[in-house]
Amino acid sequence: MLVSPTCTGFGIGITRWTLRASDPCRFVEDAAQLELRRSLDSPSNISILIEGHMQAKKRYLILFSVGLCLILLIFLHGPASRRSPNRRDDPHPHWPHFSDPLRAFIPWDQTSTEDYNVRTSPRHKRDDNPGVVKCGMDSCFDFAICKRNGFKVYVYPQQKGEKISESYQNILSSIESSRFYTSDPGQACLFVLNLDTLDRDQLSPQYVHNLRTKIQNLNLWNNGRNHLIFNLYSGTWPDYTEDLGFDIGQAMLAKASISTENFRPNFDISIPLFSKDHPRTGGERGYLKYNTIPPFRKYMLVFKGKRYLTGIGSDTRNALYHIHNAEDVVLLTTCKHGKDWQKHKDARCDKDNAEYDRYDYKEMLHNSTFCLVPRGRRLGSFRFLEALQAACVPVVLSNGWELPFSEIIDWRTAAVIGDERLLLQIPSTVRSIHQDRILSLRQQTQFLWEAYFSSVEKIVLTTLEIIQDRVLQHNARSTLMWNRLPGGLFSLPQYSSYLGDFPFFYAELGVKPQQKFTAIIHAVTPLVSQSQPIFKLLVAVAKSQYCAQIIVLWNCDKPLPAKHRWPTTSVPVIVIEGESKVMSSRFLPYDVIKTDAVLSLDEDTVLSTTEVDFAFTVWQSFPERIVGYPARSHFWDVNKERWGYTSKWTNDYSMVLTGAALYHRYYNYLYTHYLPASLKGMVDQLSNCEDILINFLVSAVTKMPPIKVTQKKQYKETMMGQASRASRWADPDHFAQRQTCMNKFASWFGTMPLVHSQMRLDPVLFKDQVSILRKKYRDIERL
């Protein structure tokens, strides 16, 4: 076959390679088929055949006749007659896609037969497979029970004597700690079994016997309707089928190593195969610490794993030695696994085993541009997630595997999807990928790893969010939300269907935030004197040219003050009584907030109009982050082995307190609807730490620190010196509580999301030795 030297994927139009580079590959016809066409279409060839048998004086007459017949034949039976009506005048032929199934060579005049046109793709096989229950959301899911209470998930209570594996317990714990969980089955939209269905290999010690009977005895089973079943392993030696050993009925499957043939689109969910050591929450960050240009590493392509000598999954791994060169393509396999490996070992085993032991797997993984991910006994492999985390672009060789979360993730941006039958073309294919494309692929592996795969909790939440999008179709996430930072888990479509309403999509869409802000002043003490700080703060904020309105959140135990008690300002002042008088109410998504920017203020904050203006100007350049004045930091206490909180003035910081800070109003919605009730309940009970919690949340979303702007040094002393008994700064337990909050929040997030920064933004000419009249924000230096 002909191969285009400029293709970035495999140059054969009938392969299953789906890699797309900047210059898309064109379909190249088979050489034999091309020669056959030329032989039939060329009059010169026909004349040569006729020349030996015809007289010279009749040659041209017969040649003319044959040519005329050939033209008529092509017109009546050629490609034009088989072209659909809407393509008759199309000057650009529609070549087959690279995902078309591989077809054997057939003469062109036989391509119109019925046998040739029969589709043999895995999806076509699935449609014709009587063993696959034809289920979809419309036919096997009851939407009615979800309309009453929204999308809630119920986990059956664990029964006595039933053993549950650690991995399945992590799945159930992730559901129970999520915002979707309900302990009332009457409120549930989705049901999850308390019976361990992860390992359905009969030879496994984790295999649960009599599962069919146990499931049928569940009083809420209802033939599996609105049920979700998790599975990692199915089938056993020798064929490893995808049968779970019990009738799933109308239940949805969240399954690893599921084939496209058995996968029911828009109903089942393909999940990654993860090990029992996969962390429940948080998880490690990706290994791409910085971008290297050019993005090449020591090895071009690596693999290290088992080689199966016989049985299913052995063909590809047995053939890897053909492309192994021990230089930049290092593909290592070992036969030394299983009890009877010596009985079945072949001539290459001893040599392979010796070479296998010479290389360190982690060193290879972290120093390779591409990582081969061939199928094992089952379609999925642990190598897939390992490659993602290591920023090693996966080269997947597992024909018919429905990739994890394929419904939402565009894997063409993070992986190379190959065909096992074209193994020998892999080295030339990966070498042809441009370095810009490699860098993009590696960056996307890190995003996908941290957004959806770094912990069991993220895998489970992604699964539930996909189902919720199906149930609430009018609020479903777009493809861009799933495949761009910060990912679908932090982009709640219930907030808005317009991407331009989310701060982290501004740059990609070319959108700028609004030129006004809404100030929210949190009031907890009664109005006694006109000299109180809150009155001065109201006047200073109202004078800002960017202020649209001021909201006073009244969380004081005393009744609301009369309207005449508030100062007259040039902008509207709206007084709202706090919901239940709790701290979390300051971050509720109030409908009255119409601006993108929210200026959060404590009642005893001391700020000038100039400081407010400058902070908002900075925020407009960083709308996805918290921008403000009072900074704090965190540290790891080695002696106590816990996180610490400090308010000392140091050379770095990781938090900007919301006593005087700007942020996007979307974070109010995220704080209210994303964070669990347990964390918000802790904040409300302590009347403390709400500012720390929102810093955790925003840093978890952005993976970046907040922005500190210039502030007069007296800020901290002013805050600490407030004499009000209701002030949090006067509480001796205030600091100790914040230490406890730090560790509680880090435990829920599964990691420490806060990021240190040493950057502070000051006005240009700030404290420069020039005339004060030349400075735009001159009042800041006078404070």
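**Exercise 1. Describe the salt bridge between Asp 350 and Lys 345, and state how accessible each partner is.**

Solution. Step 1: the side chains of Asp 350 and Lys 345 are joined by a salt bridge, with an N to O distance of 3.2 Å. The model in which this pair is found is a predicted one. Step 2: the distance is compared with the cut-off, which asks for a side-chain nitrogen of Lys or Arg within 4 Å of a carboxyl oxygen of Asp or Glu. Step 3: Asp 350 has a relative accessibility of 48% and therefore counts as partly exposed. Lys 345, with a relative accessible area of 35%, is partly exposed.

**Exercise 2. Determine whether the partners in the salt bridge of Arg 264 and Asp 268 are buried or exposed.**

Solution. Step 1: the salt bridge links the side chains of Arg 264 and Asp 268 at 2.7 Å, N to O. Step 2: a residue is called buried under 20% relative accessible area. Step 3: Arg 264 has a relative accessible area of 5%, so this residue is buried. Asp 268 has a value of 1%, so this residue is buried as well.

**Exercise 3. Explain how Arg 383 and Glu 386 are placed in helix α14.**

Solution. Step 1: Arg 383 and Glu 386 form a salt bridge, and their closest N and O atoms are 3.4 Å apart. Step 2: both residues belong to helix α14 (residues 383-389); because they are three residues apart there, about one helical turn separates them. Step 3: Glu 386 is partly exposed, at 25% relative accessibility. Step 4: salt bridges can also share partners, and in this way Arg 179, Glu 465, Asp 469 and Arg 477 are joined into one network.

**Exercise 4. Characterise strand β16 by its burial and by the strands that pair with it.**

Solution. Step 1: strand β16 covers residues 597-602, and six of its six residues are buried, so the strand is largely enclosed by the rest of the structure. Step 2: in a regular strand the side chains alternate between the two faces of the sheet. In β16, Ala 597, Leu 599 and Leu 601 point one way, while Val 598, Ser 600 and Asp 602 point the other way. Step 3: strand β13 (residues 517-523) pairs with β16 in the parallel sense over six bridges, and Ile 520 stands opposite Ser 600 of β16. Step 4: strand β21 (residues 660-664) pairs with β16 in the antiparallel sense over five bridges. Within β21, His 664 is the bridge partner of Ala 597.

**Exercise 5. Give the strand order of the five-stranded open sheet and identify its edges.**

Solution. Step 1: the order is β1-β2-β4-β6-β7, and the pairing is parallel. Step 2: β1 (153-155) and β7 (269-270) each have a single partner strand, so one side of each is left without a neighbour in the sheet. Step 3: inside the order, β4 (residues 227-231) and β6 (residues 252-255) pair over four bridges in the parallel sense. Phe 230 stands opposite Ala 254 in β6. Step 4: helix α8 packs on this sheet and touches β1, β2 (190-192) and β4; its direction makes about 135 degrees with that of β1.

**Exercise 6. Classify the crossing of helices α8 and α17.**

Solution. Step 1: the axes of α8 (residues 166-176) and α17 (residues 456-471) come within 9 Å and cross at roughly 60 degrees. Step 2: angles under 35 degrees count as roughly parallel, and those from 65 to 115 as roughly perpendicular. Step 3: α8 and α17 are therefore oblique to each other. Step 4: the crossing of α8 and α17 is right-handed. Step 5: at the meeting place, Asn 170, Ile 171, Ser 174 and Ile 175 of α8 meet Val 456, Glu 457, Val 460 and Leu 464 of α17.

**Exercise 7. Locate Lys 767 and describe its surroundings.**

Solution. Step 1: Lys 767 lies in the loop between β23 (760-761) and α27 (779-782). Step 2: residues over 50% relative accessible area are called exposed; Lys 767, at 56% relative accessibility, therefore counts as exposed. Step 3: not counting residues up to four places away in sequence, Lys 767 touches Lys 775 and Glu 781. Step 4: Ile 780 is 13 residues from Lys 767 along the chain, and their C-alpha atoms are separated by 9.6 Å.

Definitions and conventions
Residues are numbered from 1 along each chain as its sequence is written. This is a predicted model: local features need pLDDT of at least 70, side-chain atom pairs count only at pLDDT 80 or more; totals for chains, interfaces and linings use all residues. Side-chain values use heavy atoms; hydrogens and water are left out. Buried means under 20% relative accessible area, exposed over 50%, partly exposed in between (1.4 Å probe, protein chains only). Helices (H or I, at least four residues) and strands (E, at least two) are DSSP runs, numbered from the N terminus. Two strands pair if DSSP finds at least two bridges between them. Axes are lines fitted to C-alpha atoms, for helices over the stretch in contact, and angles run from 0 to 180 degrees between N-to-C directions. Angles under 35 degrees count as roughly parallel, over 145 as roughly antiparallel, 65 to 115 as roughly perpendicular and the rest as oblique. A crossing is left-handed if the near helix is turned anticlockwise from the far one by less than a right angle, and right-handed if clockwise. Contact means heavy atoms within 4.5 Å.
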